[in-house]
Amino acid sequence: MTDILRMHPDRDTFDLAQLRAAIDAASACASTCASCADACLRGDHPGEMVRCIDLCNQCAAICRTTADILSRPGPNGDSWEEIVRACIAVCRECADECGGHDMDHCQACAQACRECAEACEALLSVVD
């Protein structure tokens, strides 16, 4: 993806390293959250994991959207910043929820969520 970002006519709109890191982290987080939700659903007590499953599904959706929007680095108003901020908020909430569970998949999900939030915050810090 880095090469295609370097070829984009509006490549100077963003710091490409920060942009790439945010796209990669959001993509990884989306996959990890989807897998975590599935593992929680198929675990021994899915009824006790409803909040975790719901947050993981929400996080996967916003992370997919964020990665998709950021993959189009042309100037498109300020709406992309609001999407990134929403991604950060949902990732933090999901990380808190998953981090409270002992299952390995929840711990991995919490870590992916924290990494995504940090990458998105770093991207916003070089744009603001």
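Axes here are lines fitted to C-alpha atoms, taken for helices over the stretch in contact, and the angle between two of them runs from 0 to 180 degrees between N-to-C directions. In this predicted model, helix α2, which spans residues 16-41, packs against α5 at an angle of about 155°, and the two axes lie 8 Å apart. Because angles over 145 degrees count as roughly antiparallel, α2 is roughly antiparallel to α5. The crossing by which α2 passes α5 is left-handed.

On the α2 side, the residues that make this contact include Ala22, Ala25, Cys29, Cys33 and Cys36, while those on the α5 side include Cys106, Cys109, Ala112, Cys113 and Cys116.

The residues of the contact of α4 with α5 comprise 18 nonpolar, two polar and five charged.

Within helix α4 one also finds Glu97. Is this residue, Glu97, buried or exposed? With a relative accessible area of 19%, and with buried meaning under 20%, Glu97 counts as buried. Leaving aside residues up to four places away in sequence, Glu97 touches Arg51, Cys52 and Leu55.

Terms used: Residues are numbered from 1 along each chain as its sequence is written. This is a predicted model: local features need pLDDT of at least 70, side-chain atom pairs count only at pLDDT 80 or more; totals for chains, interfaces and linings use all residues. Side-chain values use heavy atoms; hydrogens and water are left out. Ala, Val, Leu, Ile, Met, Phe, Trp, Tyr, Cys and Pro count as nonpolar, Asp, Glu, Lys and Arg as charged, and the others, Gly among them, as polar. Helices (H or I, at least four residues) and strands (E, at least two) are DSSP runs, numbered from the N terminus. Buried means under 20% relative accessible area, exposed over 50%, partly exposed in between (1.4 Å probe, protein chains only). Contact means heavy atoms within 4.5 Å. Angles under 35 degrees count as roughly parallel, over 145 as roughly antiparallel, 65 to 115 as roughly perpendicular and the rest as oblique. A crossing is left-handed if the near helix is turned anticlockwise from the far one by less than a right angle, and right-handed if clockwise.
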